[in-house]
Amino acid sequence: MVVMRKSMLQSIILLVVLLLTVSVFTIATGGSASATEKPMDQLQVAVDDILKILQSAELKGPEKKDERHQLVLNIVADMFDFREMARSSLGQSWNTLTPEEKDTFVGLFTTLVEQRYIGKIDSYNNQKVVYKKQLVKGDKAMVYTAIIDKDLEIPIVYRLAKNKGKWLINDLKIENVSLIVNYRRDFDSIIRKEQFAGLVEKISKQLEKPEASN
Amino acid sequence: MKRSFILQAGCIVSLLITTSHVWAGDAADFSAAAEAVPLSVQAAGADGSEDDAWEENWENEWESTDTIADPLEPLNRFFFHFNDKLYYWVLKPVARVYAGFFAEELQISIRNFYDNLRAPARAVNCLLQGRVRDSSEEVVRFALNSTVGIIGLGDFARDVLDLHSSDEDFGQTLAHYGAGGLFYINWPFLGPSNFRDSLGMFGDAFVHPIILLDAGWEVTIGAWTLERVNYTALTLGDYELFTETALDPYAAVKDAYQQYRKGLIENK
């Protein structure tokens, strides 16, 4: 028990010291000057902007839903590389498409992912986002984050690539489930039976449905 | 027969508690560092040469989930639709009423309670995978949360001592020793699984307190139902969102299960 208390005291001191170091460091670097350099900083800025929209008092309420969604989607469009995601979600089939088909598919895919994302965001209720670490190699990176939701920590890992000086997300794993891999298996299951045309038709139909869930 | 088993288990438990004392001290120190990670955002960037292996495996590591055989697909799809209807027609309406009666804090406590009941299985499986330390941590968690944590309703061990649970089960233990999933099974009521994890579920049941205490099947089913309703109340909307933004929800759920389990097996 004594050992325990001592080590707890130690950890508290350590925490305070760390907190101080971090705050000093933040003051020293003067905030956003280097914010766009590192993928985690860039991600955090974007996520913070989204959270600001979701927490904003003026944008609350169901009647502001469309406005809120549009603002969030504007930021999302800047965070993700939807074309790369669409390509990767199709796997081999992508190469067999004409440029027009590719464009159509990117559009449909983007809306599909946005729908899933915006649906999740609608249930946002002041969950805390924590940024754990980033791994950077050249123009590729992974950023480890988590959301604390109802007392549970849900890990979310982003995979990013640098494109014209900007880090863009090309996949994310929520509890180890990759969004792109999951869509690839999903699409595969349709393509095998109904080819690409069937897939396009199915996505279009899906998007016409009234908005999903509660 | 049963008594001697419990006695044996008791011996193992006390042994583990003694060993766990050795490291309980420094575990708290580690936790302080871990807690500080999100705070030290700027300092956390490991963009040095830390992971050379990571770069090589980077694409493969990210996407190496193999697809699982599905010889039972027609039957699995049938039960998938059965479970889907069960969700929309029974589980969801019940969970909504339930959520209206019980505050979220209570729902979290109830989830903790059920989670705590799986601690013995986690401890055994950690041990079977040679993770003595994690195993003893589970034992300490179980002992503390069942007592100070009020029959597991609170997570005292995590909140105060920062002892975290290791999400291990017998399916993962089998995988640890090389067993593959073999083929996909979508159980009625229980949902997605595979051959290995179904065996695992069966194995873990043997060390579940409800089974150990020899409760009647009514109690077992009742307890399981409450757990499901409680879980559904806490995750209302998630299932709908996922399946409604998938094109072939069956295929999407099957893959999500695969990826999720793979992550747990590799302890990512």
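Colleague: What share of the contacts in chain A between residues at least 6 apart in sequence join residues at least 24 apart?

Modeller: In this predicted model, the share for chain A is 45%. Counted in the same way, contacts as such need C-beta atoms within 7 Å. For chain B, 68% of the contacts between residues at least 6 apart join residues at least 24 apart.

Colleague: What pattern does chain A follow along the sequence?

Modeller: Chain A has six helices and five strands, and its pattern reads α-α-α-α-α-β-β-β-β-β-α. Chain B has 13 helices and two strands.

Colleague: What percentage of chain A and of chain B counts as buried?

Modeller: A buried residue has 20 or more other C-beta atoms within 10 Å of its own. By that cut-off, 29% of the 214 residues in chain A are buried, and 31% of the 268 residues of chain B.

Colleague: How do you know how helix 2 of chain A and helix 3 of chain A run relative to each other?

Modeller: The axes of helix 2 (residues 39-55) and helix 3 (residues 65-79) of chain A come within 10 Å and cross at roughly 175°. Angles over 145 degrees count as roughly antiparallel, and the two helices of chain A are therefore roughly antiparallel to each other. Helix 2 of chain A contributes Ala46(A), Asp49(A), Ile50(A) and Ile53(A) to the contact, and helix 3 of chain A contributes Arg68(A), Leu71(A), Val72(A), Ile75(A) and Met79(A). Seven of these residues are nonpolar, none is polar and two are charged.

Colleague: How do you know whether the span of helix 5 of chain A agrees or disagrees with its 24 residues?

Modeller: Helix 5 (residues 99-122) of chain A should span 34 Å at 1.5 Å a residue, and its end C-alpha atoms are 34 Å apart, so the two agree.

Colleague: Which residues of helix 5 of chain A are buried, and what do they pack against?

Modeller: The buried residues are Phe105(A), Phe109(A), Leu112(A), Val113(A), Glu114(A), Ile118(A), Gly119(A) and Asp122(A). They pack against helix 3, helix 4 (82-90) and helix 6 (179-208) of chain A, together with helix 12 (238-244) of chain B.

Colleague: Why are strand 1 and strand 5 of chain A called edge strands?

Modeller: The five strands of chain A form an open sheet in the order 1-2-3-4-5, with antiparallel pairing. Strand 1 (128-137) and strand 5 of chain A each pair on one side only, and are the edge strands.

Colleague: What makes strand 3 of chain A and strand 4 of chain A a pair?

Modeller: Pairing needs at least two bridges. Strand 3 (residues 152-163) and strand 4 (residues 166-174) of chain A are joined by eight bridges and run antiparallel. Asn163(A) stands opposite Lys166(A). The hairpin they form has two residues between the strands, and Lys164(A) in the turn has a positive phi of about 50°.

Colleague: How many bridges pair strand 4 of chain A with strand 5 of chain A?

Modeller: Two bridges, in the antiparallel sense, which meets the cut-off of at least two. Ile174(A) stands opposite Val177(A). In this hairpin, with two residues between the strands, Glu175(A) takes a positive phi near 45°.

Colleague: How many bridges are there between strand 1 of chain B and strand 2 of chain B?

Modeller: Strand 1 (residues 184-187) and strand 2 (residues 191-194) of chain B pair over four bridges, in the antiparallel sense. Trp187(B) stands opposite Gly191(B). Three residues lie between the strands of the hairpin, where Phe189(B) takes a positive phi near 70°.

Terms used. Residues numbered from 1 in each chain as written. Chains lettered and ligands numbered in written order. Predicted model: local features only at pLDDT ≥ 70, side-chain atom pairs only at ≥ 80, totals over all residues. Buried ≥ 20, exposed ≤ 12 C-beta atoms within 10 Å, placed from the backbone. Contact = placed C-beta atoms within 7 Å. Axes fitted to C-alpha atoms, helices over the stretch in contact; angles between N-to-C directions. Parallel < 35°, antiparallel > 145°, perpendicular 65-115°, else oblique. Nonpolar A, V, L, I, M, F, W, Y, C, P; charged D, E, K, R; others polar. Expected span 1.5 Å × (residues − 1).
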